[in-house]
Amino acid sequence: MMEEKQQKLSLKREVGLIGAVSLIAGTMIGSGIFMSPQTVISSIGSTGASLVVWASCGVLVILVSFCYAELGTVIQESGGEYIYILRTSGPVMAFMLAFSSIIFVRPAGVAGISLSFAQYVVAPFYPECTPPVLIVKFVAAAAIIVLAIVNCMNVRFSMIVQVFFMVAKVVALVVIIVGGVVLLAKGNTENFEDSFKNSNVGINPIGIALYQGLWSYDGWNNLNYVTEELKRPEVNLPRALVIAISLVTGMYLLVNVSYLTVMTPRELMSSTAVAVTWGNKVLGSWGWIMSLAAALSAFGSLNGTFFSGGRVCFVAAREGHMPDILSMAHVHRLTPSPALIFTTIISLVVLIPGDFQSIVNYFSFTAWFFYGVTLSGLIYLKIKKPDLPRPYSVPIVLPILVLLVAIFLVLAPIIDQPQIEYLYVALFILSGAIIYVPFIHFKLCPGVFKKVTTFLQLFLEVAPAEKNL
């Protein structure tokens, strides 16, 4: 009788189309568009080339998202790249991704966004000087902890937060776009004359400019991490991807045009907070609004990164690649709270030595390595398993084309200008395979883990969660 009464615990399908678009667009429009334009233009050297980089990033992200839409409708499980690599390339490669993602990539993303949020929040209090690093990091840590609590409480509440902040940041970008259009109409076009002069066309500057631009687009794949919580994924996944990414690409191009209408390339390169510089020049005494808008934007992006990041940890644990406790959900709130708490702790640790610029480059390098592995999995499925049911399909030439771009993005900075740090990141990714053998394959120390799991299960009020298919 007791067994009949026990209900299976699973995460609810509470994310509709509006929530899905908000999760993608709201995570993509984060700190990047307020922080990266100056690095893109300083790497590539000219206004025209910088706009080409932003447009290229948008086109690349749309193409790769089409491939992910097919993967998400063929393999309708949460976990994004992790679950796709597990089903196509096997457990060792999947564990390497889970290890890299949970210990570095996701926490680095959270740390990077929280740092930019904190810089914009603190900036108005230190108008004449650089804010103290300790205060910036303290505010960043507070933001991470607040969002951890929000995401542990309720899925619907965290989606409301996501939609609210997406609306706020879209309004901010529209203000920048309208300001730029007005000034263009008045004849402020001098920065666009001979716009490709002084362009840097080397492999390394193009690679670094693309890294910085793609950081601003990061978050396009967030919906694939929460497929099991999405209503009608076979319809809403491709639809949300197309709507959100098209919207963001168009806005990013117009925002960059606005920046370059107001500022010379030199002014743009020397700005530490480009949106605030734009606000001071166009809005005058109301310039502080841009600082507030950038902070709200980063906070919304942080919430989206958190929401999906906890799911990678959760799904990897459910597949036996992480401690069992991380695969459990709260018995009343139905949120993967142990995975979210674990992600919070790692993010706070990464935040301590964190430096925004380095985080972006190593984050992009690692992310595009695994995007490449994921796309090769899609090519494998198309060739070896053509009969799988596909509610949505793309021509095979598309994943092949994007895979070649991913290989370029991974190899370009290493070949053209080798840095020892990229070797460290590569060794860190490979170390996942070394850890896999004793702890996952041979399951060393199971007794210790079992006692810890039982204690934490009672303390956190969590239970194992079933797949929601």
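Modeller: Buried means under 20% relative accessible area, exposed over 50%, and partly exposed in between (1.4 Å probe, protein chains only). This is a predicted model, where local features need pLDDT of at least 70 and side-chain atom pairs pLDDT 80 or more, while totals for chains, interfaces and linings use all residues. Residues are numbered from 1 along each chain as its sequence is written, and side-chain values use heavy atoms, without hydrogens and water.

Biologist: How many helices and strands are in the chain?

Modeller: Both are DSSP runs numbered from the N terminus: helices are H or I with at least four residues, strands E with at least two. By that count, the chain has 19 helices and two strands.

Biologist: Are α7 and α15 roughly parallel or roughly perpendicular to each other?

Modeller: The axes of α7 (residues 91-122) and α15 (residues 337-351) come within 8 Å and cross at roughly 65°. Angles run from 0 to 180 degrees between N-to-C directions, with axes fitted to C-alpha atoms over the stretch in contact; under 35 degrees is roughly parallel, over 145 roughly antiparallel, 65 to 115 roughly perpendicular and the rest oblique. The two helices are therefore roughly perpendicular.

Biologist: Where does R232 lie, given its positive phi?

Modeller: Most residues other than glycine have a negative phi. R232 is not a glycine, yet its phi is about 45°. R232 is exposed, with a relative accessible area of 51%, and lies in the loop between α10 (203-217) and α11 (233-262).

Biologist: Which residues is S195 in contact with, leaving aside its neighbours within four places in sequence?

Modeller: S195 sits in the loop between α9 (155-185) and α10. Its relative accessible area is 18%, so S195 is buried. Beyond those neighbours, its contacts are S46, T47, G48 and A49.

Note on methods: Contact means heavy atoms within 4.5 Å.
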